[in-house]
Amino acid sequence: EGRAVRVGDEVEVQYIGKGVESNDVFDSSQARNVNLKFAVGRGQVSKGLDQAVLSMRVGDLQTFQFAREDGIGPPHAPLPPEEEDILYDVRLHAANPIDDLTGDASITRRTLKASFSGKKVAIGQEVVITYTLKVKGKVVEQGQDETLIVGAFVQACGLRNRALRVVLESMKLEERCLANLTSIHVVQGAPAELDIEILRIHD
């Protein structure tokens with residue numbers, strides 16, 4: 001059996017949503033050929049889908065039925081058919097624990113490559129990083145062998161409000177992580193994804 005899903009995990013699913021009686025498909029990640037990624041329990045998807053994945057393990061394929069109101073997602077998400085319950089066929093591809101760095105989920109991160117040195121980043125240290133910032137799936141900024149002094153900048157790498165400092169302070173030498181940031185932390189004013197690695201630390 002695969003790993004069970006827990007609240008706060010970042011999951012990746014493939015799904016088809018349709019009306020119970022009409023069988024009309026109103027939403028499908030398969031049709032878009034893109035898996036859906038979201039943090040469980042953060043209100044990023046419909047209530048029904050959010051709750052459904054909590055009963056799943058990685059690799060599961062399950063069908064769920066729930067009331068129409070529980071199938072309504074965030075603004076701009078496709079709306080379910082009127083006056084009928086809905087079905088979701090859901091396959092769970094991945095479930096990864098994520099760290100909430102701010103307590104309000106405005107900056108979360110998960111580890112892509114673990115550190116074996118154990119040396120943590122601290123305020124005042126000079127660090128050398130490589131990073132890629134994506135907004136709406138498109139690369140908007142990149143850096144290779146960029147040198148920064150932790151805490152000595154207000155905005156850097158396309159981020160504002162010292163968001164980069166928060167991410168860096170959670171990391172260790174040679175660690176690589178993927179941070180997800182809400183729009184308040186991003187210069188472009190839209191949610192972003194930061195892939196960042198600590199190459200070197202100079203005390």
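## Pairing in the sheet

Strands E7 and E10 are antiparallel partners, joined by six bridges. Here a strand is a DSSP run of E with at least two residues, a helix is a run of H or I with at least four residues, and both are numbered from the N terminus. Two strands count as paired if DSSP finds at least two bridges between them. Across this pairing, the bridge partner of Arg110 is Leu178 in E10. The model is a predicted one: local features need pLDDT of at least 70, side-chain atom pairs count only at pLDDT 80 or more, and totals for chains, interfaces and linings use all residues. Residues are numbered from 1 along each chain as its sequence is written, and side-chain values use heavy atoms, with hydrogens and water left out.

E7 and E10 belong to an open sheet of six strands, ordered E6-E7-E10-E11-E8-E9 and paired antiparallel. Which strands stand at the edges? They are strand E6 (99-100) and strand E9 (138-149); each has a single partner strand, so one side of each is left without a neighbour in the sheet. Strands of a sheet pair through backbone hydrogen bonds, either parallel or antiparallel.

## Other strand pairs

E6 pairs with strand E7 (residues 107-113) in the antiparallel sense over two bridges. In these, Asp99 has Arg109 in E7 as its bridge partner, and Asp100 has Thr108 in E7. The two strands form a hairpin with six residues between them, and Gly103 in the turn has a positive phi of about 85°.

Strand E10 (residues 176-181) runs antiparallel to E11, and six bridges join the two. In this part of the sheet, Asn180 stands opposite Glu193 in E11. Strand E11 (residues 192-202) also pairs with strand E8 (residues 126-135), in the antiparallel sense over ten bridges. Tyr131 stands opposite Ile196 in E11.

## The chain as a whole

The secondary structure of the chain comes to three helices and eleven strands. Along the sequence they follow the pattern β-β-α-β-α-β-β-β-β-β-β-α-β-β. The C-alpha atoms fill a box of roughly 65 × 35 × 30 Å, taken along the principal axes. Of the 203 residues in the chain, 42% are buried. Buried means under 20% relative accessible area, exposed means over 50%, and partly exposed lies in between (1.4 Å probe, protein chains only).

## Aromatic pairs

The structure holds three aromatic pairs. Rings of Phe, Tyr and Trp (its six-membered ring) pair if their centres lie within 6.5 Å; planes under 30 degrees apart count as stacked, over 60 as edge-to-face and the rest as tilted. Phe26 and Tyr88 form an edge-to-face pair, at 6.0 Å centre to centre with 80° between the planes. Phe26 lies in strand E2 (residues 25-28) and Tyr88 in strand E5 (residues 86-96), so the pair ties together parts that are 62 residues apart in sequence. Phe26 is buried at a relative accessible area of 15%, and Tyr88 is buried at 3%.

Tyr88 also pairs with Phe66: the ring centres are 5.4 Å apart and the planes are at 25°, so this pair is stacked. It links distant parts of the chain, with Phe66 in strand E4 (residues 61-66) and Tyr88 in E5, 22 residues apart. Phe66 is buried, with a relative accessible area of 12%. Ring pairs link Tyr15, Phe26, Phe66 and Tyr88 into a cluster.

Is Ser29 buried or exposed? Ser29 is buried, with a relative accessible area of 1%, and its place is in helix H1. A polar atom of the Ser29 side chain lies 2.8 Å from the backbone nitrogen of Tyr15.

## The largest pocket

The largest pocket holds about 1400 Å³ of space. A pocket is found on a 1 Å grid over the protein atoms alone, as an open set of points where a 1.4 Å probe fits, with protein on both sides within 12 Å along at least five of seven lines; lining residues have an atom within 4 Å of a point. Grid points are joined across faces, edges and corners, and the volume is the space filled by probe spheres set on the points.

Of the 40 lining residues, the closest to the centre of the pocket are Leu36, Lys37, Phe38, Gln44 and Pro191. Strand E1 (10-19), helix H1 (29-32), strand E3 (36-39), E8, E10 and E11 each supply at least two lining residues. The largest share, four residues, comes from E3. By class, the lining has 19 nonpolar, twelve polar and nine charged residues. Ala, Val, Leu, Ile, Met, Phe, Trp, Tyr, Cys and Pro count as nonpolar, Asp, Glu, Lys and Arg as charged, and the others, Gly among them, as polar.

Methods. Polar contact = N/O pair within 3.5 Å; in protein donor to acceptor, adjacent residues only side chain to side chain.
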